[in-house]
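The points are grouped by topic.

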Amino acid sequence: MDGLFVSSSSGFANFAEVWADPTTQQSVVVTILFIAVTVIGTVGLGTTLALLVDRAGWSRALARNVFVWPAVVAPVVVSLMWLLLLSPTVGGFNKVLLNWGLPTQSWLNSESGAFLSVAVVDIWHWTPIVFLFVYAALQGVSKEVLEAARMDGATEWQITMRVVIPMLMPAILVVTLVRLVSSIKAFDEMYLLTRGGPNGATNIVSLHIRTLFFDQLEFGTAAALSVSVVAIVLAVVGGAFFARRISALGIK
């Protein structure tokens, strides 16, 4: 109406419309896969690195600094750095393959390659957060308990799996929840590296909301999808705290 912004109530029509959209359904599937790969990857790698660094001896201080620095780099810088490495035309990885006489790879131009590339970038960027959580928790593990286990004849592997890991489990569960939330709201790497492509292979929900709002001007459906995501995150976080509370009461 002559440039005027007019709004009216549509009930739940926008929710029904956005969830019936095949693009939304594809973005939800991509988001779930992305969360599964990156959360498992960062928690597993960060915990392993923390255990290794804790026993690194003289190189412990150097290893701590090397493993932590990716987390202090801005996501925009991380994305540009990896774009210079993964670009099919001018990327550093393909130049190395050419120098070795190997065929170049279309890291960001194929569906599977693009998805794995952004997942690797996310794991590389956020593993230090898991490392810091778990390494800090490791410093609280009683040395007397570990010595008692060694005196009872337990191997280092048995001590790690049956003593150390169970004592670290509260910290691991907390950082898993942190990584779960951060993966749901991931945006920078995918937008700058692939913009959701190719063929929607990296089009996670946050990118789809941006496309609906800014490119397609579908304000109602974009708002409905945003509210849905917030509700899902609150349900997941609330359920996790409720389960932890029930577990604590059960132990008592």
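Predicted model: local features only at pLDDT ≥ 70, side-chain atom pairs only at ≥ 80, totals over all residues.

**Contacts, cores and surface**

Leu177 and Val181 are the residues in contact with Val237 once its neighbours within four places in sequence are set aside.

**Val237**
- Val237 counts as partly exposed, because its relative accessibility is 22% and buried residues must fall under 20%.
- Between Val237 and Gly46 the C-alpha to C-alpha distance is 22 Å, and the two are 191 residues apart in sequence.

**Nonpolar cores**
- The largest nonpolar core has 26 residues, among which Phe131, Leu138, Val164 and Leu168 touch the most other members.
- At least two residues of this core come from each of α2 (22-54), α3 (60-68), α6 (111-138), α7 (143-151) and α8 (156-184).
- Helix α8 provides the largest share of this core, with 8 residues.
- Apart from neighbours within four places in sequence, Leu168 is in contact with Leu51, Val134, Ala137, Leu138 and Val141.

**Surface patch**
- Leu62, Val66, Trp69, Val72 and Met81 make a nonpolar surface patch of about 490 Å².
- Met81, one of these patch residues, is located in helix α4 (residues 75-86).
- The relative accessible area of Met81 is 32%, so Met81 is partly exposed.

Technical notes
Residues numbered from 1 in each chain as written. Heavy atoms only, no water. Core = buried A, V, L, I, M, F, W, Y, C linked by side-chain atoms within 4.5 Å. Buried < 20%, exposed > 50% of the residue type's maximum accessible area, 1.4 Å probe, protein only. Helix = DSSP H or I, 4+ residues; strand = E, 2+ residues; numbered from the N terminus. Contact = heavy atoms within 4.5 Å. Patch = residues over 30% accessible without salt bridge, like charges linked within 9 Å, V, L, I, M, F, W, Y side chains within 5 Å. Areas by Shrake-Rupley, 256 points an atom, 1.4 Å probe, with all protein chains shown as cover. Salt bridge = Lys/Arg side-chain N within 4 Å of Asp/Glu carboxyl O.
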